[in-house]
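I opened this entry to record what I looked up in one protein model. The structure comes before the notes.

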Amino acid sequence: MTTNIISSSVIMSPRKRTLVPVSSRRKAADDYFPFNLLPVECQLHVLSFLNEVDKCSCALVCLSWSCLVRSWKLWRVADYSRRGVFHMGQEGLLVSNREFERWKAWVHHYTHHLVSRRASLLTLKASFDLGDRCNKWSELLGHLLDHVHCRDLSHLDLNWTFTLLEPLDLRVHSSSSSHQDSITKMDQVTSFQELLTKLTHSCPRISKMRLHFDWSDVSMSLLTNFQQLRVLELKYFWVFKGVTPSTLQHLTKSLPNLKSLTLQILVPLRNLGISYTLESQSLEFLDVSPSRGLVFSCLKLPALRELRAKKIVRGITLDRRTRLRIQSRWPCLYHVLREGTPRLQALNNERLLPTWREERYGEMSVILEQSCYCVQHLDSWLW
């Protein structure tokens with residue numbers, strides 16, 4: 001009787017798992033992709049799409065993956081702006097000292113990781129105040145360049161005036177704060193020039209560069225050593241003197257392969273009335289829209305296809321007589337473009353017709369009112 005009850009319960013059980021044929025089980029096992037059977041180059045190519053954190057996680061899977069992740073071919077980017085695994089806030093927000101110390105520890109660990117992997121860098125992105133004597137960020141970047149392979153470095157994105165996630169100094173400033181700020185800025189420039197000197201020797205093949213620039217003679221001389229530059233973006237930095245026309249002209253003439261140039265220059269009030277000349281046989285894209293008071297008297301850019309320029313209000317109001325006296329020295333941007341840019345196709349993201357030179361202003365009249373500082377376009381701007 002007991003046997004019958006047990007048998008019936010087994011038969012009627014709804015949870016009984018159906019048997020799977022052996023052939024079906026083998027087919028399911030064959031669905032797994034044999035990653036380890038791929039050639040090593042293919043495995044490295046797949047892993048190269050992962051970020052640094054995911055690569056380190058893959059190194060914990062097995063011994064073979066750990067050996068793969070140690071390959072220098074997977075460490076081509078040194079990006080200190082990613083904040084590692086931290087998502088503690090954005091630039092400009094208050095960050096506690098404890099969070100900053102955690103991030104700083106990650107930076108040093110990340111540097112050691114790149115050095116131990118013998119990274120072969122193609123890209124370097126960083127945001128460090130190189131004038132910081134306490135944290136010595138300049139020495140950290142110098143140590144990285146000395147102990148990794150960076151001969152093929154092609155992309156440099158460096159903000160050497162600001163440290164990412166650094167807590168704001170809320171202490172009361174003393175009366176000598178302006179003098180201290182000047183010392184700090186001089187330390188920044190000195191450290192920047194030392195780093196730029198190292199880059200000229202270690203990374204001569206840089207083709208894309210984005211950084212703040214002080215426009216000093218030393219920095220200019222160092223920058224023109226990068227003869228492979230194709231894309232250059234120079235952001236504003238407080239300078240001891242204004243940018244002279246000869247300095248700006250020397251920059252473009254000294255870089256024979258330059259294709260794209262973005263300038264952020266703030267012409268001081270004492271230099272109003274000065275106009276600039278640009279000359280380059282290779283330049284195809286020019287963006288001076290972030291600049292203020294930058295006026296061109298002559299452009300010799302036979303390959304230029306696109307220009308972006310904009311008048312920006314500085315918050316300084318001049319009387320009409322002073323403005324007329326200053327603007328009378330400046331030519332109209334239309335005439336400068338017609339004479340010096342035979343291949344220009346776009347102005348301020350507006351496509352130009354092939355016949356734009358044959359008409360006096362035509363379709364460019366509205367664009368010129370937003371871009372030109374000459375007397376004809378006087379009523380559209382204020383200083």
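My notes follow, from overall figures to single residues.

**Ground rules.** I am working with a predicted model, where local features need pLDDT of at least 70, side-chain atom pairs count only at pLDDT 80 or more, and totals for chains, interfaces and linings use all residues. Residues are numbered from 1 along each chain as its sequence is written, and side-chain values use heavy atoms, with hydrogens and water left out.

**Overall.** I looked up the secondary structure and found 13 helices and 12 strands. Helices (H or I, at least four residues) and strands (E, at least two) are DSSP runs, numbered from the N terminus. Of the 383 residues, 44% count as buried. Buried means under 20% relative accessible area, exposed over 50%, and partly exposed in between (1.4 Å probe, protein chains only). The accessible surface comes to about 21800 Å². Carbon and sulfur atoms hold 54% of that surface. The areas come from the Shrake-Rupley method with a 1.4 Å probe; for residues, only the protein chains shown count as cover. I then checked contacts (heavy atoms within 4.5 Å). Among those with a separation of 6 or more, 69% join residues 24 or more positions apart.

In what order do the strands of the open sheet run? I read 1-2-3-4-5-6-8-10-11-12, ten strands with mixed pairing. Two strands pair if DSSP finds at least two bridges between them. Strand 1 (77-79) and strand 12 (350-351) are the edges, each pairing on one side only.

I went through some of the pairs. Strand 3 (residues 155-159) and strand 4 (residues 208-212) run parallel, joined by four bridges. There, Leu156 has Met209 as its bridge partner in strand 4. Strand 4 also runs parallel to strand 5 (residues 231-235), over five bridges. Lys208 has Val231 as its bridge partner in strand 5. With helix 9 (residues 217-223), strands 4 and 5 make a right-handed β-α-β unit. Right-handed means that, with the strands pointing away from the viewer, the path from the first strand over the helix to the second runs clockwise. Further along, strand 10 (residues 306-308) pairs with strand 11 (residues 346-347) in the parallel sense, over two bridges. Leu307 stands opposite Leu347 there.

**Cores.** A nonpolar core is a set of buried Ala, Val, Leu, Ile, Met, Phe, Trp, Tyr and Cys residues joined through side-chain atoms within 4.5 Å. Which members of the largest core touch the most other members? I found Tyr80, Phe128, Trp215 and Leu232, out of 91 residues. Helix 6 (residues 97-116) gives the largest share, seven residues. Apart from this core lies another of five residues, including Leu272 and Trp330.

**Trp215.** I came back to this residue for its backbone. Trp215 sits in the loop between strand 4 and helix 9. Its phi is near 60°, a positive value in a residue other than glycine. Most residues other than glycine have a negative phi. Is Trp215 buried or exposed? Trp215 is buried, at 6% relative accessible area.

**Lys136.** Lys136 lies in the loop between strand 2 (123-127) and helix 7 (137-147). Lys136 is partly exposed, with a relative accessible area of 44%.

**Ser66.** Last, I checked helix 5 (residues 63-69), which holds Ser66. Ser66 counts as buried, at 17% relative accessibility. Ser66 and Lys55 are 11 residues apart in sequence and 9.2 Å apart in space, C-alpha to C-alpha.
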